[in-house]
Amino acid sequence: MLAPYESLLLDAIRSLPIGRQEALTRSCLELLKLTAHHENCPGIGVDGYPCMYPHDTCEHCQELVSTFVALGR
C-alpha cells in the first residue's frame, strides 16, 4: 500500500512523456538519495574529499539539497 505522497510521485512520473520518464526518474532518485545522505553526512572524509567524491564539495551538496527541499514547498 502506497502513502498518498508516494502515489502523487508515481502519478507525476507516469504523466511525463515516455521518452523523458527514465531520465527524470533517475534524476529524482539521485536527488532523493543525496537528500537522505545529507542528513547523515559526516563531512570531509579521511581521504580529504566530501562524501568520498573528489569532484564534489560540501557546499554543492548543501545547495542541491536546499534547492530540492525548496521546490517541495
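Guide: Lys 33 and Glu 30 are three residues apart, about one turn of the helix, and both belong to helix α2, a helix here being a DSSP run of H or I with at least four residues, numbered from the N terminus. The model is predicted, so local features need pLDDT of at least 70 and side-chain atom pairs count only at pLDDT 80 or more, while totals for chains, interfaces and linings use all residues. Residues are numbered from 1 along each chain as its sequence is written, and side-chain values use heavy atoms, with hydrogens and water left out.

Visitor: What makes the contact of Lys 33 with Glu 30 a salt bridge?

Guide: The term asks for a side-chain nitrogen of Lys or Arg within 4 Å of a carboxyl oxygen of Asp or Glu. For Lys 33 and Glu 30 the N to O distance is 3.2 Å, and therefore the pair qualifies.

Visitor: How many salt bridges does the structure hold, and how far apart are the closest N and O atoms of Arg 26 and Glu 22?

Guide: There are two salt bridges, and in the one between Arg 26 and Glu 22 the closest N and O atoms lie 2.6 Å apart.

Visitor: How do you know which class Leu 29 and Leu 24 fall into?

Guide: Both residues have their place in helix α2, Leu 29 and likewise Leu 24. Leu 29 has 46% relative accessibility and is therefore partly exposed, and Leu 24, at 30%, is partly exposed too. The C-alpha atom of Leu 24 is separated by 7.9 Å from that of Ile 13, eleven residues away along the chain.

Visitor: What makes Leu 9, Leu 29 and Leu 32 a nonpolar patch?

Guide: A patch takes residues with over 30% relative accessible area and no salt bridge, joining nonpolar side chains (Val, Leu, Ile, Met, Phe, Trp, Tyr) within 5 Å and like charges within 9 Å. Leu 29, at 46%, is over that limit, and together with Leu 9 and Leu 32 it forms a surface patch with about 260 Å² of accessible area, as given by the Shrake-Rupley method with a 1.4 Å probe, where only the protein chains shown count as cover.

Key: Helices (H or I, at least four residues) and strands (E, at least two) are DSSP runs, numbered from the N terminus. Buried means under 20% relative accessible area, exposed over 50%, partly exposed in between (1.4 Å probe, protein chains only).
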